[in-house]
Amino acid sequence: MRLRRFCLLVLPLLIVPLLAVSARADIFGSAATYAVLATTQVTNVPTNADTVITGDMGDTSCTGFVLGTGCILGPGMVFGAVNSNNAAWKTALADSNIAYTALAKTPSTFDFTGFCLGSGVLCKNNLAPGVYTSTESVVLLNGALTLDGGSNTNPLWIFQMAAGFTTASGSSVVVNGGGAAAAGGYFEVGSQAILGDNT
């Protein structure tokens, strides 16, 4: 099952606490429709598995995407609005910064520094709802990360990463449990996120 929302924020980010992160339906405000929201340029480097973005994209400029996006041409696809350095981008960025700060200030319930996420000997998996924090320079998501909501009808996971976040090719996040349809999952990344092919 797909997470309710995955937001990729490319930094540098400035991210006013919300009253409750559990009120997650409204946490992103105008940024909720964005699949990619960057404070810099968004670049699609052509490969055998070209980038497909489902949702809006916001940036200062973009390269490597098809006609109609306003980007320098390339094979990447965007199924949503492209807002490059305009009023809509600025508003969405301000709203995402408020959400980022709220996520970053949510008290941690588990420190997973020294571990990756997903499959592997040193990876954490089958995680209960909570706030997971790492001070590693780069956190790796490898394979399938299972989030187990159990009988929780409104489960929430927040992953706070001090610096980078990288996913291996073919990685995924799966939510199990009775409240999977109402689940909220957030990855708060301190510097940059690099998503592998078919993640």
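Good morning. The structure is a predicted model, in which local features need pLDDT of at least 70, side-chain atom pairs count only at pLDDT 80 or more, and totals for chains, interfaces and linings use all residues. Residues are numbered from 1 along each chain as its sequence is written, and side-chain values use heavy atoms, with hydrogens and water left out.

Let me begin with the whole chain. The protein chain holds one helix and 20 strands; these are DSSP runs numbered from the N terminus, with at least four residues of H or I for a helix and at least two of E for a strand. Of its 199 residues, 45% count as buried, where buried means under 20% relative accessible area, exposed means over 50%, and partly exposed lies in between, with a 1.4 Å probe and protein chains only. The chain exposes about 9300 Å², and carbon and sulfur atoms supply 58% of that area. Accessible areas come from the Shrake-Rupley method with a 1.4 Å probe, and for residues only the protein chains shown count as cover.

I turn to the sheets. Strands of a sheet pair through backbone hydrogen bonds, either parallel or antiparallel. Here, two strands pair if DSSP finds at least two bridges between them. Gly164 in S17 is the bridge partner of Val138.

Another open sheet, also with parallel pairing, has three strands in the order S3-S6-S7. S3 (42–43) and S7 (72–73) stand at its edges with a single partner strand each, so one side of each is left without a neighbour in the sheet. Two bridges join S3 to S6 (residues 62–65) in the parallel sense, and Cys62 in S6 is the bridge partner of Val42.

Next, the aromatic rings. Rings of Phe, Tyr and Trp (its six-membered ring) pair if their centres lie within 6.5 Å; planes under 30 degrees apart count as stacked, over 60 as edge-to-face and the rest as tilted. The count comes to six aromatic pairs. Phe28 and Tyr186 form a tilted pair, 5.6 Å centre to centre with 40 degrees between the planes. This pair links distant parts of the chain, 158 residues apart: Phe28 lies in the loop between S1 (8–10) and S2 (34–38), and Tyr186 in S19 (residues 184–189). Both Phe28 and Tyr186 are buried. Elsewhere, one aromatic cluster is formed by Phe110, Phe112, Tyr132, Phe159, Phe165 and Phe187.

A charge sits over a ring if NZ of Lys or CZ of Arg is within 6 Å of the ring centre and within 35 degrees of the ring normal. Lys124 lies over the face of Phe115, at 4.2 Å from the ring centre.

Most residues other than glycine have a negative phi. Which value does phi of Asn126 take? Phi of Asn126 is positive, near 55 degrees. Asn126 lies in the loop between S12 and S13 (130–134) and is exposed, with a relative accessible area of 54%. Asn198 has a positive phi of about 60 degrees. Asn198 is found in the segment after S20 and is exposed, at 65% relative accessible area.

Thank you for your attention.
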